[in-house]
Amino acid sequence: NIAVLNITNPSNVTLASTIRAPGFGGRPAVRPIDNDLVVPVAPSESGPPKLLIINQSSENIVHEIQLPGSTAFPQDVAVSPSGRFAYVSLFDFSGGTGGVWVVNLKTRTTVTVINTGDPLVHGIGMTPDGEFVFATNFASGSNSVSVIDTDTNTIVATIPTGPQPNEVAVTLD
């Protein structure tokens with residue numbers, strides 16, 4: 001479930017409502033062109049990962065996009081500044097390939113799944129201009145961040161990190 005908070009000032013935060021999202025939800029993002037929520041979810045039983053598009057005003061799921069043939073848990077999502085594309089990290093602890101799932105939010109279709117070489121892609125972040133996506137390779141031995149060029153959806157660099165990188169934060173500059 002997703003908690004909707006009412007924030008009148010930093011010391012006055014209340015729960016406005018709860019949006020029911022079926023399955024196990026990952027970290028949501030806001031789509032900048034319409035303020036819809038983009039929520040990665042894994043089914044509670046079995047089945048493919050999904051990306052839910054939730055209208056914040058009505059609090060209804062307006063679209064559900066599936067990635068057939070994958071057993072991964074969609075962990076995190078970054079949405080391009082135009083709101084057209086979502087990049088979803090796939091954490092596949094069941095022996096699959098994991099990677100980064102690229103979704104065209106306008107057509108609600110899969111563009112590609114980028115294999116980072118690590119089945120346990122955890123965190124994801126995007127530069128403010130939308131030019132690059134950074135995906136953490138969490139598995140022991142990987143210890144790196146893959147840099148993805150969003151024009152070509154290819155990995156252009158792999159940056160070594162410490163053990164099990166978890167999240168990505170990108171500064172505005």
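This is a predicted model: local features need pLDDT of at least 70, side-chain atom pairs count only at pLDDT 80 or more; totals for chains, interfaces and linings use all residues.
Residues are numbered from 1 along each chain as its sequence is written, and side-chain values use heavy atoms, with hydrogens and water left out.

Strands S8, S9, S10 and S11 form an open sheet in that order, with antiparallel pairing. Strands here are DSSP runs (E, at least two residues), numbered from the N terminus, and two of them pair if DSSP finds at least two bridges between them. Strand S8 (73–79) and strand S11 (109–114) stand at the edges with a single partner strand each, so one side of each has no neighbour in the sheet. From one strand to the next the twist averages 25°, taken between axes that are lines fitted to C-alpha atoms, with angles running from 0 to 180 degrees between N-to-C directions. Within this sheet, strand S9 (residues 85–91) and strand S10 (residues 99–104) run antiparallel and are joined by six bridges. Ala86 has Val103 in S10 as its bridge partner.

A further open sheet of four strands has the order S12-S13-S14-S15, and its pairing is antiparallel. Its edge strands, S12 (121–126) and S15 (154–160), each pair on one side only. Neighbouring strands of this sheet are turned by 25° against each other on average, direction ignored. Strand S13 (residues 132–137) pairs with strand S14 (residues 144–149) in the antiparallel sense over six bridges, and Ala135 stands opposite Ser146 in S14.

Next come the aromatic rings. The whole structure holds two aromatic pairs, where rings of Phe, Tyr and Trp (its six-membered ring) pair if their centres lie within 6.5 Å; planes under 30 degrees apart count as stacked, over 60 as edge-to-face and the rest as tilted. Phe91 and Phe93 form a tilted pair, 6.2 Å centre to centre with 55° between the planes. Phe91, Phe93 and Phe138 form one aromatic cluster. Phe91 is buried because its relative accessible area is 14%, whereas Phe93 counts as exposed at 64%; buried means under 20%, exposed over 50% and partly exposed in between (1.4 Å probe, protein chains only).

Twelve residues line the largest pocket, and Ala42, Pro43, Gly47, Thr71 and Ala72 lie nearest its centre. A pocket is an open set of points on a 1 Å grid over the protein atoms alone, where a 1.4 Å probe fits, with protein on both sides within 12 Å along at least five of seven lines; lining residues have an atom within 4 Å of a point.
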